[in-house]
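I opened this entry to keep track of what I looked up, one topic at a time.

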Amino acid sequence: LESERQLLLNAIESERGRLLALVDSIQDEVWFADTEKRFTLINASGLREFGLDGLTKELDVQKLASSLEVYRCDGSPRPLHEAPPLRALMGETVRRQEEMVRTPATGELRYRQVTAAPVRDGAERIVGSVSVVRDITEQVQTNEELRREQEKFLALAEHVPFGMVLIDGQGRYIYTNPKFREMFGYDLAEVSDGRTWFSKAYPDPEYRKAVISSWIDDLRDAAPGEQRPRVFTVTCKDGGEKIISFIPVQLETGLQIMTCEDITERKALEDRLAAMSVTAELPGLYNRRGFFAV
């Protein structure tokens, strides 16, 4: 009987060791609290982030939570009763709650996403709570940098003297500037689907097919940041046609910026000059300084 008991204890200890090894291998923090509101399991990531050498029975959930500098996403202090482990012990499931915590290990204010849930036994009684915490500081900082860059882009795009479009990886137009809307007569909602825009801008099926093929070749071959101008005749909303120079630039983010310049008058002038006789007509167009005579 004693030997069987020892074998059972050894098996339990072995399973516990495997469980702890599994939990410690998780990059996110894992915290388990019992019904006495004490943390009885913290994985290596949690211990490291909070500068703890190891788990002690004195690690009270409320005491630890009240000792920390914690803020909601809006910057207001987070009350103690909103701590996810405590809410989970009351039977609530907390999903991806974002908060800011000044962690003791580094003293830095870190952005964290917390998911917590009650742990129940076979009789559905709550026997504890488990919380999984992911550090999202880099993600938040990257999003903030992108937001600032987008603000700079919009500030520029709203005032440039040429059309500008921002296109996502699925070919959707997600932004058009005022000059684009003035040039073609379409609001963003009317051109947001790239296929709809192409059918409006290039109503002739054969010409549209050639334009799309040219665009696909550019997207396939162009390196990020490379400029490849293309000139197409575009039908505007009012039915008129304009000759437009497009410069699509592929970004590393997968987005594409496309600029549009109306060169209809310039092209007409070039065509007239090409049709003139070089010997008879061109000399009369220039004054002695080499500029076009008025």
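**Entry 1: the strand S1 and its partners**

I began with S1 and S2, which run antiparallel and are joined by 3 bridges. The model I am reading is a predicted one. In this pair I found Trp-31 opposite Ile-42 of S2. The hairpin of S1 and S2 has 4 residues between the strands, and there Lys-37 takes a positive phi near 60°.

I then looked at the other partner, S6. S1 and S6 run antiparallel and are joined by 6 bridges. Trp-31 turned up again, standing opposite Ser-131 in S6.

Is strand S1 largely enclosed or open? I noted that 5 of the 6 residues of S1 (residues 29-34) are buried, so the strand is largely enclosed by the rest of the structure.

**Entry 2: the sheet around S1**

I traced an open sheet of 6 strands, with antiparallel pairing, in the order S2-S1-S6-S5-S4-S3. Strand S2 (39-42) and strand S3 (69-72) are at the edges; each has a single partner strand, so one side of each is left without a neighbour in the sheet. From one strand to the next the twist averages 30°. I wrote down a general point here: strands of a sheet pair through backbone hydrogen bonds, either parallel or antiparallel.

Tyr-71 has Met-100 in S4 as its bridge partner.

**Entry 3: two positive phi values**

I reminded myself that most residues other than glycine have a negative phi. Arg-96 has a positive phi, near 50°, and is not a glycine. I located Arg-96 in strand S4. With a relative accessible area of 54%, Arg-96 is exposed.

Glu-124 has a positive phi too, of about 70°, although it is not a glycine. I found Glu-124 in the loop between S5 and S6. Its relative accessible area is 53%, and Glu-124 counts as exposed because the cut-off for that word is over 50%.

**Entry 4: the sheet of 5 strands**

I moved on to an open sheet in which 5 strands follow the order S8-S7-S11-S10-S9, with antiparallel pairing. Which strands stand at the edges? They are strand S8 (173-176) and strand S9 (230-235); each has a single partner strand, so one side of each is left without a neighbour in the sheet. The twist averages 30° from one strand to the next.

Helix H8 (residues 194-201) packs on this sheet and touches S8 and S9. I noted that the direction of H8 makes about 75° with that of S9.

Inside the sheet I followed S10 (residues 241-250) and S11 (residues 256-262), which run antiparallel and are joined by 7 bridges. Ser-245 stands opposite Glu-261 in S11.

**Entry 5: the cavities**

The structure holds 2 cavities of 30 Å³ or more. The largest cavity has a volume of about 230 Å³. I listed 18 residues in its lining, and Leu-68, Arg-78, Pro-85, Glu-99 and Arg-112 lie nearest its centre.

What kinds of residue make up the lining of the largest cavity? They divide into 14 nonpolar, 1 polar and 3 charged. At least two lining residues each come from helix H3 (61-67), helix H4 (84-89), strand S4 (94-102), strand S5 (109-120) and strand S6 (126-135). H3 gives the most to this lining, with 3 residues.

Technical notes:
Residues numbered from 1 in each chain as written. Predicted model: local features only at pLDDT ≥ 70, side-chain atom pairs only at ≥ 80, totals over all residues. Heavy atoms only, no water. 1 Å grid on protein atoms, 1.4 Å probe; cavity = no way out; pocket = protein on both sides within 12 Å on 5 of 7 lines; lining within 4 Å. Points joined across faces, edges and corners; volume = space filled by probe spheres on them. Nonpolar A, V, L, I, M, F, W, Y, C, P; charged D, E, K, R; others polar. Pairing = 2+ DSSP bridges. Axes fitted to C-alpha atoms, helices over the stretch in contact; angles between N-to-C directions. Contact = heavy atoms within 4.5 Å. Buried < 20%, exposed > 50% of the residue type's maximum accessible area, 1.4 Å probe, protein only.
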